[in-house]
Amino acid sequence: MRPEAAVIDHAVALLQAGELVAFPTETVYGLGADAANPAAVGRIFAAKGRPADHPLIVHLPADGYLDNWATDIPRQAWELTEAFWPGPLTLILRRARGVPTAVTGGQETIGLRVPAHPLALALLRAFAEAGGGLGGLCGVAAPSANRFGRISPTEAAHVRAELGDSVRLILDGGRCPVGIESTIVDLSRGAGEVPRVLRPGAITPEQIATVIGRLPEVGCQPRSATAEVVPRVPGALAAHYAPVTPMRLLPATEIARLADTPAAGRSCAVLCHSQMLAGAAALLVRRLPADPSHYAHELYAALRQLDHSGADLILVEDVPSTAAWSAIADRLQRAASGAGGIGKCLPEA
Ligand code: TXA
Ligand code: MG
């Protein structure tokens, strides 16, 4: 038996016993549990310190398992699964009858995706072959494997640092290739309604439009006062994905000025992508690649490094306001809102 097969078997046994297993996906590491087992799902909320009314994404081995979890699945959903699964796309659909509400945060909708990482797929397939957990539903609930509101982990060591011993096993797949969380598309309003992107990610509205023939709406405002189902996306809270150190998003020229003339006793760490800041007078300067997919791949590990640098303030260079950078801009804005403590106001630099 290959060592990988032995560790997957061990992971499946833990999931079947209602324990937590962290695993890599192509986006970020997930904290997994049998999605049909309310006690196991409860352990996820406890380990993350996440409020129990925040719904989780259920990970499936293939789109053939969608019917176990969702009902009234519109044609556009199948078109999107065909085009993008396995991959960094989560669909919000109407929850099938019999799906425990623990995993949906009490909502009538459910988030579902098939991840594209080989270790994640090996785990999900082996879990299904071993019976698929309670009720044979074959879904693994997995939020990002970080404490609530904090930076998502993109390496196994980040998961250990975030969650310590509360997770029994961490499957180590190295650095996650995409590096930011999946695009979330709400299709729960059924056929004929315009899909809505609730969280931007590597799969863009334009790519979605090429598949379904129209641009999705973007943003997470409630759709109408009479809407029957209004999904909530805590990932869309202003304060999220945040370092502990206060963080500000600024143009490069402003960062150069601040880093060179620090306020009395205040040290800065800098995250940038343009050449001009490479030599900024800061405690630490991390320059990331200037193209969005390579930038995303390194972003969260770099933010962690800057957070641990001992600096009093993290200065992040604004990213271009183009469609290709919009998911990164979204995460940086939320990180800046949440840095230094969720909801806390940032000091002026
Ligand atoms: O890339 C990802 O999506 C990663 C990996 C591990 O798959 N997962 C992830 O999970 O980012 P989490 O829980 O950290 O973020 C999932 C987001 C949350 O903001 C949650 O509110 C939203 O998805 N969500 C889940 N189910 C939902 C539902 N039924 N309606 C609306 N939003 C939902
Ligand atoms: Mg998360």
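**Close-up views of a predicted model**

Let us begin with helix α8, whose buried residues are Ala252, Ile255, Ala256, Leu258 and Ala259; buried means under 20% relative accessible area, exposed over 50%, and partly exposed in between (1.4 Å probe, protein chains only). Helices (H or I, at least four residues) and strands (E, at least two) are DSSP runs, numbered from the N terminus. This is a predicted model, in which local features need pLDDT of at least 70 and side-chain atom pairs count only at pLDDT 80 or more, while totals for chains, interfaces and linings use all residues. Residues are numbered from 1 along each chain as its sequence is written, chains are lettered from A and ligands numbered from 1 in the order in which they are written, and side-chain values use heavy atoms, with hydrogens and water left out.

**View 1. Helix α8 meets the sheet.** The buried residues of α8 pack against β12, β13 and β15, where contact means heavy atoms within 4.5 Å.

**View 2. Four strands form an open sheet.** The strand order is β12-β15-β13-β14, and the pairing is parallel; two strands pair if DSSP finds at least two bridges between them. β12 (247–250) and β14 (284–287) stand at the edges with a single partner strand each, so one side of each has no neighbour in the sheet. From one strand to the next, the twist averages 20°. Axes here are lines fitted to C-alpha atoms, for helices over the stretch in contact, and angles run from 0 to 180 degrees between N-to-C directions.

**View 3. Strands β13 and β15 run side by side, with helices packed on the sheet.** Residues 268–272 of β13 pair with residues 313–317 of β15 in the parallel sense, over 4 bridges. Look for Leu271, whose bridge partner in β15 is Val316. Helix α8 (residues 252–260) packs on this sheet, and its direction makes about 150° with that of β15. Helix α9 (residues 292–307) lies across β12, β13, β14 and β15, and runs at about 180° to β13.

**View 4. Val285 sits in strand β14.** With 24% relative accessibility, Val285 counts as partly exposed. Leaving aside residues up to four places away in sequence, Val285 touches Val270, Cys272, Leu277, Ala278 and Ala280. Ile314 is 29 residues from Val285 along the chain, and their C-alpha atoms are separated by 9.8 Å.

**View 5. Helix α5 from end to end.** Among the buried residues of α5 are Leu119, Leu123, Ala126 and Phe127. An α-helix has 3.6 residues a turn, so residues three or four places apart point the same way. After α5 comes Gly131, with a positive phi near 120°.

View 6. Most residues other than glycine have a negative phi, and most peptide bonds are trans. Asp72, in the loop between β4 (70–71) and α4, has a positive phi near 50°. Asp72 is exposed, with a relative accessible area of 57%. Cys138 also has a positive phi, of about 60°, and is found in the loop between α5 (118–129) and β7 (140–141). At 6% relative accessibility, Cys138 is buried. Finally, Trp85 and Pro86 are joined by a cis peptide bond with omega about -10°, and Pro86 is in the loop between α4 (75–84) and β5 (89–95).
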